Amino acid sequence: MRRGSLTLRGIAGAAVLAAFPVTVTAPAYAHEQDKVHATVTPSSAAAGADVEISVTGCDGTTGSAGSGAFEGDAKLTGRDGDKYALNGSAKIRGGVSGSYDVTVVCDGHPHQGVGTVRVVQHRTEPVSPVRAGGGGAARDGTAQLAAQAEEAGPGTWHAVIGLVLAGVAAVAVAFRSVRRRRSE
């Protein structure tokens with residue numbers, strides 16, 4: 001009796017498996033996540049900087065790349081993307097810092113996290129002025145005053161000094177001329 005029930009159970013299990021076939025499908029090779037790679041140049045950029053994006057592994061000739069660090073999606077174009085890179089450019093938006101993933105859409109499929117871009121904050125002015133010269137980098141305004149003086153040209157003081165020197169030269173020439181005439 002025991003053998004009959006095991007046989008009956010085996011037949012029932014086989015009938016269930018036959019009624020619900022298990023299908024295992026692998027993703028198409030053209031859309032595998034590991035095949036697509038994005039390179040951002042430079043890999044570290046400040047807000048407002050332009051970066052170049054190069055993507056390999058996409059079939060076709062167009063695509064787009066997006067990131068939380070970009071002002072908008074970068075349009076990617078190129079020759080056959082499976083053999084050559086698709087290229088585009090994007091601008092880093094202001095007010096962000098840190099590392100951001102790059103998502104590429106090609107062949108109508110998104111490929112998330114296939115590259116990264118790092119946004120750094122650059123200071124354009126020193127935190128405190130340097131006492132030993134500073135080379136015009138300090139915020140005291142001497143660099144601005146020098147630039148304004150170059151643009152404005154000679155001022156009133158330059159004109160006065162020039163007139164005084166011209167007067168002294170004229171007096172010296174006149175004095176020498178008078179002295180020569182007396183000696184003759």
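1. Helices (H or I, at least four residues) and strands (E, at least two) are taken here as DSSP runs, numbered from the N terminus. By that rule the chain holds 3 helices and 8 strands, and their order along the sequence is α-β-β-β-β-β-β-β-β-α-α.

2. The model is a predicted one, in which local features need pLDDT of at least 70 and side-chain atom pairs count only at pLDDT 80 or more, while totals for chains, interfaces and linings use all residues. Residues are numbered from 1 along each chain as its sequence is written, and side-chain values use heavy atoms, with hydrogens and water left out.

3. Of the 184 residues in the chain, 20% are buried, where buried means under 20% relative accessible area, exposed over 50%, and partly exposed in between (1.4 Å probe, protein chains only).

4. Contact means heavy atoms within 4.5 Å; among contacts in the chain between residues at least 6 apart in sequence, 50% join residues at least 24 apart.

5. Helix α3, at residues 156–183, spans 41 Å from its first C-alpha to its last, close to the 40 Å expected at 1.5 Å a residue for its 28 residues; the expected span is 1.5 Å times one less than the number of residues. This helix is hardly covered, with a count of 0 buried residues.

6. T41 and P42 are joined by a cis peptide bond with omega of about -5°, and P42 sits in the loop between β1 (37–41) and β2 (44–46).

7. S89, in strand β6 (residues 86–91), is partly exposed at a relative accessible area of 43%. Leaving aside residues up to four places away in sequence, S89 touches V51, E52, I53 and A74.
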